[in-house]
Amino acid sequence: MSVRFGVFDSLDLGDRVDPGQVLAERLDFAVAAEAGGIDHYHVAEHHGTPLSVCPSPNLFLAALSQRTSRMRVGALVNVLPAHDPFRLAEEIAVLDQLSGGRLDVGVGSGVSPYELGYFGVAAGDAKAVYAETLAALTGAWRSGRMSHQGELLRSYGATLSVLPVQRPYPPLWYASSNTATAGWAGRHGVNFVGRWNGGALRAAVREYWSAWRSDAAGSDGSAPTAALDGSARLNGHVADPRVGMAATVVLAPTDAEAEEIYLSAQAVFGRQLTQLWHEHDDHRVDRMADGAAALRAGAVCVGAPATVRAQLMEQLRATGVNFFQMQIFFGDMTVAHAHRTLRTFLTEVAPGLRAELTPSRG
C-alpha cells in the first residue's frame with residue numbers, strides 16, 4: 001500500500017472574532033487541500049469550548065461535500081455518547097449520500113469529562129455508552145432498522161429513512177496511541193491514527209497488525225475474526241485499512257521562521273485546548289499545550305522542508321504506517337502561512353516520502 005496523506009482540523013476559533021470567518025477560511029483551505037492531492041480531510045467534535053466553532057462537525061462536512069469531489073471527508077471523531085444513535089445513524093447516511101460515498105466515520109467516547117457532562121454522561125460511563133452506541137449504529141446501518149434493546153441507552157425500534165451509499169456503512173476510524181485500543185482496532189480492521197508519542201506509536205502499530213492477522217477472539221470478548229474477508233469484523237468491508245500517524249506541521253523557508261510561527265499559533269491553540277479544563281481547576285492536559293516541549297520531543301514537524309522531510313522519513317519508517325495526517329491551520333496561524341505549509345508539503349515533502357517509503361503490515 002502506498003502512503004496517503006490527510007489533514008486534521010479542530011476548527012478552533014484561534015484569534016478570530018467571527019466564527020463565520022473561520023468556517024469560510026477552512027472551507028477554502030479544504031478545497032485547496034483536495035486540489036493539491038490530499039486524500040482525507042478530518043475534523044474534530046468539541047462542545048462548549050473555543051476549541052471548535054462547529055460543535056456539530058457534520059454541518060461543516062455537509063458544506064464541504066458540496067465543494068469537493070474526490071477527497072474523503074469525515075469527523076475524527078464523532079463523540080458517540082454525545083449523540084442520539086438513531087438520529088446520528090440517519091445523519092451519517094445523509095452525509096454519505098451528499099458526498100457520493102466519500103465519507104469516513106470516526107468513532108470515539110470523548111476525552112473531556114466536562115464536555116460529556118453537558119450531555120449528562122458521567123466520565124466513568126462514557127466507554128460503555130460508546131460501545132453500546134456503536135453496536136446500535138452498525139446494526140442499524142447493516143439492516144436498515146435500529147432494533148436495539150437498551151441497557152445504558154433507551155430501546156429503539158425504527159426503520160432508517162435513508163441508508164449510506166457505502167455498504168454496509170462508511171469505513172470506521174479510531175484515534176489513539178494506546179496499544180490496547182490499537183489491538184481492538186486491528187481485530188476489527190478499523191482505520192487507526194495515533195501520535196508519535198516519543199516512539200510509543202511503533203508498539204501500537206505492531207499491535208494493530210498482529211491483531212489484524214490474528215484469528216483468535218478479542219480480549220474484550222468480541223467474536224473471532226477468523227478470516228481476513230472480515231465477516232466478523234466491524235470494518236470487514238475495508239480490505240486495506242489505514243494505520244497512521246498524526247502530527248502538527250508548520251513549514252517555512254528556515255527552521256527559525258517555522259518555529260516562530262508554530263510557537264505563536266500553539267500558544268493560542270493551547271489556551272483554547274485548556275480553557276474548559278482550567279475553568280474546573282483541572283490541569284491534566286496542560287502538557288498538550290506546551291509548544292516548546294513538543295518541539296524538543298520531536299512531537300511536531302516544524303522547520304524548513306528538508307528538516308521536516310528528514311524527521312518524517314525517520315518516524316514513518318520507524319512505525320511503518322501507511323497514512324500521515326497533518327494539523328496545519330490552528331491558533332493564530334494566518335491564512336497565508338497555512339496555505340504555504342500545505343503547498344510546500346505537497347510539492348517539497350510528500351513526493352520524497354511517497355518515493356522512498358514502503359509501509360509494512362507489522
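Visitor: Why is Asp 281 called exposed?

Guide: This is a predicted model, and in it Asp 281 has a relative accessible area of 64%. Exposed means over 50%, so with 64% Asp 281 counts as exposed. You'll find Asp 281 in the loop between H8 and helix H9 (291-297).

Visitor: What makes the phi of Asp 281 worth a remark?

Guide: Phi of Asp 281 is positive, about 55 degrees, although Asp 281 is not a glycine. Most residues other than glycine have a negative phi. Leu 11 has a positive phi too, near 60 degrees, and Leu 11 is a residue other than glycine as well.

Visitor: Is Leu 11 buried or exposed, and how do you know?

Guide: Leu 11 is buried: its relative accessibility is 0%. The cut-off for buried is under 20%, so 0% puts Leu 11 in that class. Leu 11 lies in the loop between strand E1 (4-9) and helix H1 (19-36).

Visitor: Why does Gln 311 count as buried?

Guide: Gln 311 has a relative accessible area of 17%. Gln 311 sits in helix H10 (residues 305-319). Setting aside residues up to four places away in sequence, Gln 311 touches Gly 298, Val 300, Cys 301 and Val 302.

Visitor: And why is Asp 255 called partly exposed?

Guide: Its relative accessible area is 30%. Buried is under 20%, exposed is over 50%, and partly exposed is in between, so Asp 255 at 30% is partly exposed. Asp 255 belongs to helix H8.

Visitor: How do you know that the side chains of Asp 255 and Thr 307 make a polar contact?

Guide: The distance given for that contact is 2.8 Å. The limit for the pair of N or O atoms is 3.5 Å, so 2.8 Å is within it. The backbone nitrogen of Ala 304 also lies 2.8 Å from a polar atom of the Asp 255 side chain. Beyond neighbours within four places in sequence, Asp 255 is in contact with Gly 303, Ala 304 and Thr 307.

Visitor: What makes Tyr 114 and Trp 277 an aromatic pair, and why is it edge-to-face?

Guide: The structure holds 13 aromatic pairs. In the one formed by Tyr 114 and Trp 277, the rings are 5.4 Å centre to centre, with 90 degrees between the planes. Tyr 114 and Trp 277 are both buried.

Visitor: Which residues do ring pairs link into a cluster?

Guide: Phe 192, Tyr 208, Trp 209 and Trp 212.

Visitor: What sits over the ring of Phe 329?

Guide: The charged end of Arg 26, 4.1 Å from the ring centre. The distance limit is 6 Å, so 4.1 Å meets that part of the test.

Visitor: Which residues does a cis peptide bond with omega of about 15 degrees join?

Guide: Leu 76 and Val 77, with Val 77 in strand E3 (residues 72-79). Another cis peptide bond joins Arg 167 and Pro 168, with omega of about 5 degrees. Most peptide bonds are trans.

Terms used. Residues numbered from 1 in each chain as written. Predicted model: local features only at pLDDT ≥ 70, side-chain atom pairs only at ≥ 80, totals over all residues. Heavy atoms only, no water. Phe/Tyr/Trp six-rings, centres within 6.5 Å; stacked < 30°, edge-to-face > 60°. Buried < 20%, exposed > 50% of the residue type's maximum accessible area, 1.4 Å probe, protein only. Lys NZ or Arg CZ within 6 Å of the ring centre and 35° of its normal. Helix = DSSP H or I, 4+ residues; strand = E, 2+ residues; numbered from the N terminus. Contact = heavy atoms within 4.5 Å. Polar contact = N/O pair within 3.5 Å; in protein donor to acceptor, adjacent residues only side chain to side chain.
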